[in-house]
Amino acid sequence: MTIQCDTREHKQEWERIKSQFDSLGVDYYRSKLWVGDYMNIDNPRVIVDRKKDLLELCGNVTQQHERFTRELVRAQEKGIKLIILCEHGEDISKLADVYWWHNPRFDVMEWAVKDGKPCKVQKYPQATSGEALYKSLCTIRDKYGIDFHFCDKQSTGYVITQLLGA
Amino acid sequence: MQKPNGYDEVQVGGDYTPIELGGHHLVIKGVKEQESKTEKPMVVVAFDTAKNDKQPGYFSDQFDKDIRPEKKWPANGTMYILTMDSQDANKVSKSFKSFITAFEHSNNCEAIWGEKFCDQFKGKKIGGVFGIVEEEYNGEVKKRHKVRWFCDDNRVDSANVPEPKLLNKAPKSADAFVNVPEGIDEEVPF
């Protein structure tokens with residue numbers, strides 16, 4: 001199997017995944033991909049888009065919604081099966097686990113003045129909850145035919161090869 | 001017709017495997033503090049069967065297969081526990097203490113009280129003993145497989161199936177009366 005890896009992957013992340021490919025004996029080369037991050041050159045109809053954690057995925061779904069949706073539409077129109085692989089680790093091993101995710105932004109506090117007294121309040125009370133993110137991901141899955149997979153950072157390289165049909 | 005997205009994931013009608021009775025290894029998905037309908041303090045414990053259980057991921061699979069847009073975590077994978085005794089509001093309820101004790105023994109830890117109380121449970125293991133519970137739904141008595149109590153995760157494999165918890169009253173459908181909806185326009189055919 002030879003994997004084409006997108007050139008826009010972060011250096012540090014790429015170094016980690018590259019070393020995992022090396023230990024698995026997988027061939028790869030870096031070249032810009034039209035959508036996603038990893039593609040088996042023998043099967044360009046399946047592409048893996050890597051997300052480092054749920055916070056990144058959450059940002060894609062909310063703040064960068066339009067750009068993200070454009071990419072999903074582009075893949076769908078070209079008949080490409082896009083697989084989003086989120087290497088969140090910990091206790092997120094399938095989509096249903098996202099429902100129970102606690103967005104760490106809820107824990108960010110700031111000082112405010114209430115009734116004339118300084119007190120700590122949530123800085124982002126409107127942050128996306130796990131339940132809301134789960135619902136958005138289900139909609140994306142059903143509307144654009146996207147598959148969501150989850151892994152930890154130690155197994156990303158292996159999971160990519162499995163998803164691309166090793 | 002093109003194969004609709006998610007076709008393979010949808011459960012066939014009638015294709016339902018109930019959770020087995022007896023002990024199960026569980027993983028706590030989340031705990032929330034809230035008030036009961038009668039404004040009594042309680043905790044809501046949501047759980048799934050653990051990877052090492054005989055039916056792993058049972059409730060998350062059910063949840064995934066539920067295609068309703070406003071779906072909630074399965075009712076059978078949720079337990080509502082009043083924190084104080086229903087007869088004496090100054091006494092801690094037995095079921096709440098049993099839950100905390102089972103959590104502590106299963107994870108070899110001590111519960112942390114205070115502001116972050118609910119956060120400590122997520123992803124932690126606990127045992128659960130499932131039994132038959134009779135419930136009335138739309139005038140019919142249904143038998144459901146529900147968690148009856150939590151236990152130490154190490155005691156799951158030796159747990160016995162509890163006696164069924166039956167409703168005390170006779171089912172409405174058995175009293176020879178037929179419920180006629182109020183305000184019905186048609187004549188009753190008898």
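Glu13(A) is buried at 16% relative accessibility (buried, under 20% relative accessible area; exposed, over 50%; partly exposed, in between; 1.4 Å probe, protein chains only). Its partner in a salt bridge is Arg16(A), with the closest N and O atoms 2.5 Å apart. A salt bridge requires a side-chain nitrogen of Lys or Arg within 4 Å of a carboxyl oxygen of Asp or Glu. Arg16(A) and Glu13(A) lie 3 residues apart in helix α1 (residues 11–24) of chain A, about one helical turn. Both belong to a network of salt bridges that also links Glu9(A), Arg50(A) and Glu87(A). Over all chains, the count is 19 salt bridges.

The model is predicted; local features need pLDDT of at least 70, side-chain atom pairs pLDDT 80 or more, while totals for chains, interfaces and linings use all residues. Residues are numbered from 1 along each chain as written, chains are lettered from A and ligands numbered from 1 in written order, and side-chain values use heavy atoms, without hydrogens or water.

A salt bridge also forms between Asp97(A) and Lys29(B), at 2.8 Å from N to O. Asp97(A) sits in helix α4 (residues 95–98) of chain A and Lys29(B) in strand β1 (residues 22–35) of chain B, so the pair joins two chains. Helices (H or I, at least four residues) and strands (E, at least two) are DSSP runs, numbered from the N terminus. Asp97(A) is buried at 4% relative accessibility. Lys29(B) is buried at 11%.

Asp142(A) and Arg141(A) form a salt bridge at 3.0 Å between the closest N and O atoms. Asp142(A) is partly exposed at 37%, and Arg141(A) is partly exposed at 25%.
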